[in-house]
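Subject: Structure handover

Hello,

Here is the structure we talked about. Please have a look at it first, then read the notes below.

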Amino acid sequence: MYGIDLSVAGSAVRRTLDNRRPGPNHVFVVADLEVHNRGDSAVAVSSIPAVFLAADGTQHEPASPALWPAGEVVIAPYAKEHVSVVFDVPRTKAAGGAVRIVRGDGPTGRRLHLAS
């Protein structure tokens, strides 16, 4: 994908994040993703094509970018960076779920927006 490799390094459930609270009866799922720039020019990443897939099969989009712990990240050529993606999901759906990278042109997830 545009010289960018994405992988999920880990995830955790949080009740608060930077003094913010999720929606009623919700929790934050925070995914730690590794972004590897395989190209020879810097790339700015402002969103990640990821979804939280609950154990019951429902998919949840990332929370608004304002809730991300970090904003846009510029990745140097051939460098790797860790970024966090935040999901606001019902508390009952957080257990047993997984964070997935969306590949291809499917209708779910957020696309990777690139700028050089």
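In which sense do strand 1 and strand 2 pair, and over how many bridges? The pairing is antiparallel, and 10 bridges make it up. Strand 1 covers residues 4–14, and strand 2 covers residues 26–37.

Some ground rules before the rest. This is a predicted model, in which local features need pLDDT of at least 70 and side-chain atom pairs count only at pLDDT 80 or more, while totals for chains, interfaces and linings use all residues. Residues are numbered from 1 along each chain as its sequence is written, and side-chain values use heavy atoms, with hydrogens and water left out.

Strands (E, at least two residues) and helices (H or I, at least four) are DSSP runs, numbered from the N terminus. Two strands count as paired if DSSP finds at least two bridges between them.

**Strands**

Back to strand 2. V8 has L33 in strand 2 as its bridge partner. Strand 2 also runs antiparallel to strand 7 (residues 80–90), joined by 11 bridges. There, A31 is partnered by V85 of strand 7.

Strand 4 (residues 50–53) is joined to strand 5 by 2 bridges. F52 sits opposite H60 of strand 5.

**Salt bridges**

A salt bridge here needs a side-chain nitrogen of Lys or Arg within 4 Å of a carboxyl oxygen of Asp or Glu. The count by this rule is 2.

One joins D5 and R38, at 2.9 Å from N to O. D5 belongs to strand 1 and R38 to the loop between strand 2 and strand 3 (43–45), so this pair ties together parts that lie 33 residues apart in sequence.

The other joins K93 and D56, at 2.6 Å from N to O. K93 is in helix 1 (residues 91–94), and D56 is in the loop between strand 4 and strand 5. These are distant parts of the chain, 37 residues apart.

How accessible are the partners? Residues are called buried under 20% relative accessible area, exposed over 50%, and partly exposed in between (1.4 Å probe, protein chains only). D5 is partly exposed at 34%. R38 is partly exposed too, at 41%. K93 has 22% and counts as partly exposed. D56 has 48% and is also partly exposed.

Best wishes
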